[in-house]
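I opened my notebook to look up a few things in this structure. Here is what I wrote down as I went along.

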Amino acid sequence: MNRLWSFLKSEYRIFITLLCTCLVFGGVFLFANLDMQYFILSLEIILFCMFIFLIKEWMNYVKEENILQEMENIQIENKTLRNKMIEERNDLEEYFLLWIHQIKTPITVCNLILGKPDADYRLKEQIFYIEDYTNMAMNYLKLKTRASDMDICEADLDSIISGVIKKYSIIFIEKKIKLNYKKTEAKVVSDTKWLSILLEQVISNALKYTKSGEITILYDNKTNKLTVKDTGIGIPSSDIKKIFDRGYSGFNGRLNEKSSGLGLYMVGKIALLLGITIEVKSEVNIGSEFSFIFKNR
C-alpha cells in the first residue's frame, strides 16, 4: 500500500495535466453550447488511455524499486562481509601479537640457560613450550576452517588421554607433579583430533599453574563426564565466567605473566564445536576442576 501511494505521488504531474485538460475541454463545450455527450465520451477515452499509461508506469516503477532494493541488499551484504573480514583480520593480528609475546618467553629462557651446567634438561623443557605454542597458533588458524576438518565418530577416550599425557610427560617429570589416571575403557562420540587439542590445552594449563601436588583425570560413565582436576593456584570466583573469553588471562595470568588467555579461549570454541558442555569449579590456593560432558550416543 505504501508503495502504491508513493507511486501515485510520483505521478502527480499526470493528474494535474488530466485535470487541466478536463477543465479546458469542459469550458469549451460549455461556452460553445456543444453536446456534452461528446465531452463525456472524450473524457472516458482520456481516462482509459491514462489508466493504460499508469499500468505501464506502475510496472516500470515496481521493476526499478526491486532493482534498487536488490542493490541496497547487496550493499548491506558487502558492508557486512567487509566488517566481518576486518574483524577477522583484527582478531588474527591481535592473536599473533599475543602469541609473539608468549613465544618470546621460552626463547629468552633458552638463551639464559645455555651457559648453565644443567642446561640440557631445562632447555628441552623450553623447546617443548616453543613447539607447543607454535602448535597452538596453527590450531587457532584451523578453527577458522573447522567445517572441512571434522570427523565425528566413536573415539577411544583412553587413547586420546594417553597421547596427551605422553606429550606432556617431560613437564610432569620436571615439575615432579603426580598424575592420577586409570583407564576408563570409555568410548565417546567426538572428533579425535579436536578433542585431543582441547585436552592438551586443559592439561597444559593445569601444569602451568600447579607448582606441586597432583593432577587427576577421571571419567564418569553414568554422566559421560570427563574431569581434569589439579591442585594448583586456583581461579578467583570473579574470573570464572570470563576465562573462556579471548585474551582474558585474569588475575592469575597477570600475576604470573605466563598467560595470553588463548588456551582456554580455544577450549571454549572447540567444546562448542563438538557439542561438549563445560563445568568449572575452582578455589584459590586449592585447585581447579574442569569437567567436560559429552553428548549421549
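**Entry 1: two helices.** Before listing who meets whom, I noted that a contact means heavy atoms within 4.5 Å. I also reminded myself that I am looking at a predicted model.

Which residues of helix 5 meet helix 7? I found Leu157, Ile160, Ile161, Val164 and Lys167 on the helix 5 side. Their partners in helix 7 are Thr192, Leu195, Ser196, Leu199, Glu200 and Ile203.

Next I wanted the geometry, since two packed helices are described by the angle between their axes and the distance between the axes. Helix 5 covers residues 157–167 and helix 7 covers residues 192–208. I read an angle of about 45 degrees, with the axes 10 Å apart. That makes helix 5 oblique to helix 7, because an angle under 35 degrees would count as roughly parallel and one from 65 to 115 as roughly perpendicular.

**Entry 2: Glu185.** I looked up the backbone here and found a positive phi of about 55 degrees, although Glu185 is not a glycine. Glu185 sits in the loop between strand 2 (178–181) and strand 3 (187–191). Is Glu185 buried or exposed? Its relative accessibility is 65%, so I put it down as exposed, the cut-off being over 50%.

**Entry 3: Asn224.** Here too I found a positive phi in a residue other than glycine, near 55 degrees. Asn224 belongs to the loop between strand 4 (214–220) and strand 5 (225–230). With a relative accessible area of 16%, Asn224 is buried, as the limit is under 20%.

What does Asn224 touch, leaving out residues up to four places away in sequence? My list reads Tyr219, Phe292, Ile293, Phe294, Lys295 and Asn296. With Tyr219 there is also a polar contact, side chain to side chain, at 3.1 Å.

**Entry 4: confidence.** The chain has a mean pLDDT of 81, and 85% of its residues reach 70 or more. Where is confidence lowest, and where highest? I found the lowest in helix 9 (residues 250–256), at a mean of 50, and the highest in strand 5, at 96. Where pLDDT is low, the predicted coordinates should not be read in detail.

Conventions:
Residues numbered from 1 in each chain as written. Predicted model: local features only at pLDDT ≥ 70, side-chain atom pairs only at ≥ 80, totals over all residues. Heavy atoms only, no water. Helix = DSSP H or I, 4+ residues; strand = E, 2+ residues; numbered from the N terminus. Buried < 20%, exposed > 50% of the residue type's maximum accessible area, 1.4 Å probe, protein only. pLDDT = per-residue confidence, 0-100. Polar contact = N/O pair within 3.5 Å; in protein donor to acceptor, adjacent residues only side chain to side chain. Axes fitted to C-alpha atoms, helices over the stretch in contact; angles between N-to-C directions. Parallel < 35°, antiparallel > 145°, perpendicular 65-115°, else oblique.
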